[in-house]
Amino acid sequence: MTTATAPAPVRQGRRGAEAEEHLGKAYDLALMRRLWRFIVPHKRLVWIAFLLIPSTIGLELAQPWLLKVAVTDYIAPQQFAGFGSLIALYALLVAAQAGSSYLEQWVLQLLGQRAMHDLRIAIYDHVLRQRTAFFDRMPVGRLMTRMTNDIESINEMFAAGVVTLLADFVKMLAIVGIMMWMSVQLTLMTFVSLPFLVILVNYARKLMRRSFREIRVRLAAMNAFLQEHLSGVRVVQLFRREAAARGEYDEINAGHRDAYLDSIRADAMMYALVEAIGVLAIGLVAWMAAMLAGAGPDTATQLGVVAGFIEYINKFFIPVRDLSAKYAVMQGAMAATERITQLLDMEEPDAPARAVAAAVVEDRAASLVCFDDVHFAYAQGEPVLRGVSFDIPRGATVAVVGATGSGKSTLIKLLTRLYEIEDGAIRLAGVDVRDQKVDELRRRVTVVSQDVFLFGGTVLENLIAGTTKDRAAAEQALVRVGADRVLARRPEGLDTMVADRGANFSAGERQLLAFARAMVRDPEVLVLDEATAHVDPESEGLIEKGIALLMRGRTTLVIAHRLSTIRNADLILVMSRGQIVERGTHDELVAHGGVYAALERTFSRRD
Amino acid sequence: MPTPSVARLTAWSYLRRYRGPIGGGMAMLFLTNLLFVGIPVSTAGAIRAIQGPDPAAHVWPWALAMAVFALATALTRIWSRIWIFNAARAAEYDLRSDLFGHLLTLDAGFYRKNPTGDVMSRLTNDVQTVRAMWGAGILNVFNTGFAFVTVLVMMLRLDPITTAWAIVPFPTIVLVGRVFGKRIYKGSRDVQAQLGKLSSDLQEDLGGIQVIKSYALEPVRRKRFVAASEKLLQANMVLTRVRGQLVPVLGALSSAGSIIVLWVGGQRLSVDGLVEFSQYLARLVWPTLALGWMLSLMQRGQASWSRLEQLFATRPVVADGAGPAIPADELKGRLEIKDLTIEIDGRAILDHVSITMPAGTTTAIVGRTGAGKSTLVDALVRVSDIPKGTIFLDGRDLTTLPLGQVRTAIGYSPQEAFLFSTTIADNIAMGYGSGRAVPRARAEELDRIGARTAAADALDPMPGGVPDPRVVTATEAAGLAKDVARMPDGLATVVGERGITLSGGQRQRVALARALAKLPTVLILDDSLSSVDAETERIILGHLRAVMSARTSILISHRVAAVKDADQIVVLDAGKVAEVGTHAALLAKGGVYAELYQTQLDPDELGALTASQEVVS
């Protein structure tokens, strides 16, 4: 595919680069709402999860209660009748909790995976809907990152983040409830330690927020640098930049290393200090229990309560301890969501329907293709076409000749609405192309460009993709353009696999396959960009023949590089700097004595 | 480029420099485990006090002890983690730096066999796995050891029988850790593989977007993408199931320990003993699991390390010659190719090629795609290896010269204009050893974290916003000045990833300016103006004539307009020199060159004609 030589606006690109480094919040309601849309279709799973979450929590929190009963009723009084059934019940709870928690995880993951699958397809559809100019500006790598890594980041959130965070919160509330019920005083005492916890969590959160952002930016910078230098390693070596490049890399590498310092500290503190605060809380509970021991209930009950409290406190602090890991995941997911949202908000629709549709009545009498005073620029202020007008009657061939940059390739892109014209009109059978359904238009007009792009898959798939044609039609088309020879040497024939970008076919063979692909489509209008690359003489002959066969009896617009093609055209257009400077048949133009005549003289001399 | 010597390099060599912090971290780890024992002991003491007489008076020293031990444990633990993890990060830095330096010495042959994606994966995934082995690996293995030594002693002291029963599930926990470690690794690998497939599909779609649109292939491609996405979903679900099983299985196993303790210990121990015992047991669950986990982590770390080791062991085929270098005043630029044959995969790409290029002359090389033009250039700049005694620079065998001299003497503007995502000025300045590949915006960021160095600043081609005259001259010679003047940031314009913000022609001219800025003895232009429009090309060729007259030049092009005026034109055909001569002589001869000239309508000739006509009219 020829990439448009359109200079994209410089500013745009830089803004894009900055967007990569956007700071992520761990929680952003507006973004969550955007994500919610992808979860709604799987509401049933949400409901199941909502049923499972309390069941898991309930089964888990019943266990310390049993411990309390065990201590109070059996162990403290050293009286073991019926102890066995209590142990059995305990074991049952453990098993049930395991089952319930597994189901809960599974349902949540399924929900997440399905939502992400939908999101991925939504982005894909969105991206493919954009006009061609969008792709000139947007690096492929960035779009890929949106649809792979960023989605995986959000995915992680389902695995470890927001939903379990919610469940954790419910669990912590439930623990407080049970503890209050067991003993109000002990509970209050437990939460004397809470201020320490709040201060710690807040401090660690700040540290982490800064650190995670730093890490993400550094990692992205480092990988971009690596990618660039490895793919450009030849240039690095040719210009002897090895030492300079390593110096720059070491700077980035050091930044990357140091970005982790804060996160290592925050992580270590969070883990260790939360545990310490938990122990402190247990100490406080023990102390309070001792204070109450004289006045309150009997010792056995008190011991049971303390044993239960120890368990509950441990269970209360585990989610707090894991908060840092979840925080990182959440922040990453939010940043990814933000980037994806930005992409989804970029709307440059490809060939949109006009607001007021004109009457779509085809005029059989009109020329099949008509360019009427067409103006176009890829970038503002740099016109590529300046008032181009010409007609192609049914069955006729128009050849365009001109220098690189004269605007001839642009004609092709405009006819199929890959780019939208600024002024004037292009008509197909008398109807403005902007009033036609774009897929319909692109079915009627088939383009064969000089750099042939073949997709992975078999040759057959490449030939008939997007049509209703079958194998027989593909075979026929191959024979008709003389491309059957390409496959004759290959044992799998039409089922030959196409390597990445068609690397297992020569340039000439790819050309012939492209002709066959166009032939299968049997278009009303054929648009052909003849290849300039030199191929071996054998292929050259085959290609010349293939072109002639493809064009026979078909309305054709051809950007011509071969004299045979030009001489046989019904009309020749000579383009220069976005304008048609000469037009006519071969004989007329030679008689006219202009540019084309001069060119012809050069050629005649050569012959 | 200093590369660590392979013979002595093991996975642990990189940690040697950080013996101090790692040793300190381990000492802290041991202290953590030792101090931890104080917590259950004082908890038990507190519970005994509750049961005893006058609990209010006796419990507070125990409660205080708990707090002190908890705090001490936390502090030592924090330091153990910080020391060990920071050391691992520091060692990772060294490893990355060495790897990158080494990669820059490897030649084209290596990169042909190892796509960038694969090398990137060595530098990201493998380095990460090795670092995990250094950090989490060391920490957990030692932690497990220390925990077992200290805690087990305490458990046995309380009651050997309960201890024996309590550790019954432990072998299973180790096993579970190991099995799940492996399963999760395999699951993630499958997910990665599916993700890779999805990515390559996607890359194809985005690369062929114009074909997709022109042929209305959207529904077909979409179906393919949806299928790939669904496969990824399935792979993810398999991984999820494994992960989802892990937590409940572990929970159940550790609870099984607790239940056993409750059942056995409940009947054998007092309440305080039971509580103390339970705390020990809980303490052991994580290290036990980690042990199994770490075994598989270590295994993967070693596998990653051996891949990195292999990379380090790869030596560039193209290496410095024995020397000495040609003295500067004797460097004239006479090139001689004698009977050069280069085979790739058994096929002769260049077949007994001999060409002589006197100093200061211009040689054009033409030929069809695949005739061997680019291979010849690669040989000249020693990107690919050549046999001894085949190419001579001023009479000296190229393979005997230091690589540095060859590459300094030869300025090369390759066919595909590769630019770094920095400013135009930086890209051009790279021609003469200045310039930075990280744009200044990033440099400011480095400033903020203090990672910027004076050496980096010396590379600024626009100190204080005033461009280096060498850059300006090259910009003008490459016909880029007008374009740059139109850009809002001028020479300081950042070109974006691979120069995406520039047009194809602009990119080529920046690459050309880079080669010109070098002021080389030999200038090679490999189809350097193919995306430039005809008129601009004519102007540039005009500039270049002046530049080229002073040096030996090699022009590769399939455009007649560009090669016509060369002192000699060499026609390559299927790796052989088919014809040599001037434009006129070759046309008269009526051979391959004449045929090339006639079968194709050269659009630039037309461009030149239209331009001249317009001037006339």
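Buried area is the accessible area, found with a 1.4 Å probe, that two parts lose on being put together, summed over both. By that definition, the area buried between chain B and chain A is about 15,100 Å², and carbon and sulfur atoms give 66% of this area. This is a predicted model, in which local features need pLDDT of at least 70 and side-chain atom pairs count only at pLDDT 80 or more, while totals for chains, interfaces and linings use all residues. Residues are numbered from 1 along each chain as its sequence is written, chains are lettered from A and ligands numbered from 1 in the order in which they are written, and side-chain values use heavy atoms, with hydrogens and water left out.

A contact here means heavy atoms within 4.5 Å, and the contact between the chains takes 172 residues from chain A and 159 residues from chain B. Between the two chains there are also seven salt bridges, where a salt bridge is a side-chain nitrogen of Lys or Arg within 4 Å of a carboxyl oxygen of Asp or Glu. On the side of chain B that touches chain A, helix H3 (residues 55–105) of chain B gives the most, with 28 residues; helices (H or I, at least four residues) and strands (E, at least two) are DSSP runs, numbered from the N terminus.

Because Arg283(B) lies in helix H10 (residues 271–313) of chain B and Glu275(A) in helix H11 of chain A, the pair joins two chains. Arg283(B) is buried, with a relative accessible area of 13%, whereas Glu275(A) is partly exposed at 28%; buried means under 20% relative accessible area, exposed over 50%, and partly exposed in between (1.4 Å probe, protein chains only).

Let us turn to chain A. Its secondary structure comes to 23 helices and twelve strands, and 59% of its 607 residues count as buried. A nonpolar core is a set of buried Ala, Val, Leu, Ile, Met, Phe, Trp, Tyr and Cys residues joined through side-chain atoms within 4.5 Å, and the largest such core has 215 residues, with Leu119(A), Ile154(A) and Leu262(B) among those with the most contacts inside it. Helix H11 (residues 242–293) of chain A gives the most to this core, with 23 residues. Leaving aside neighbours within four places in sequence, Ile154(A) is in contact with residues including Leu35(A), Met116(A) and Ala333(A).

Which residue forms a salt bridge with Asp262(A)? The partner is Arg210(A), with the closest N and O atoms 2.8 Å apart. Since Asp262(A) lies in helix H11 of chain A and Arg210(A) in helix H9 (residues 194–231) of chain A, this pair ties together parts that are 52 residues apart in sequence. Asp262(A) is buried, with a relative accessible area of 18%. Another salt bridge joins Asp345(A) and Arg34(A) at 3.0 Å, N to O, and this pair links helix H13 (residues 323–345) with helix H2 (residues 29–39) of chain A, 311 residues apart.
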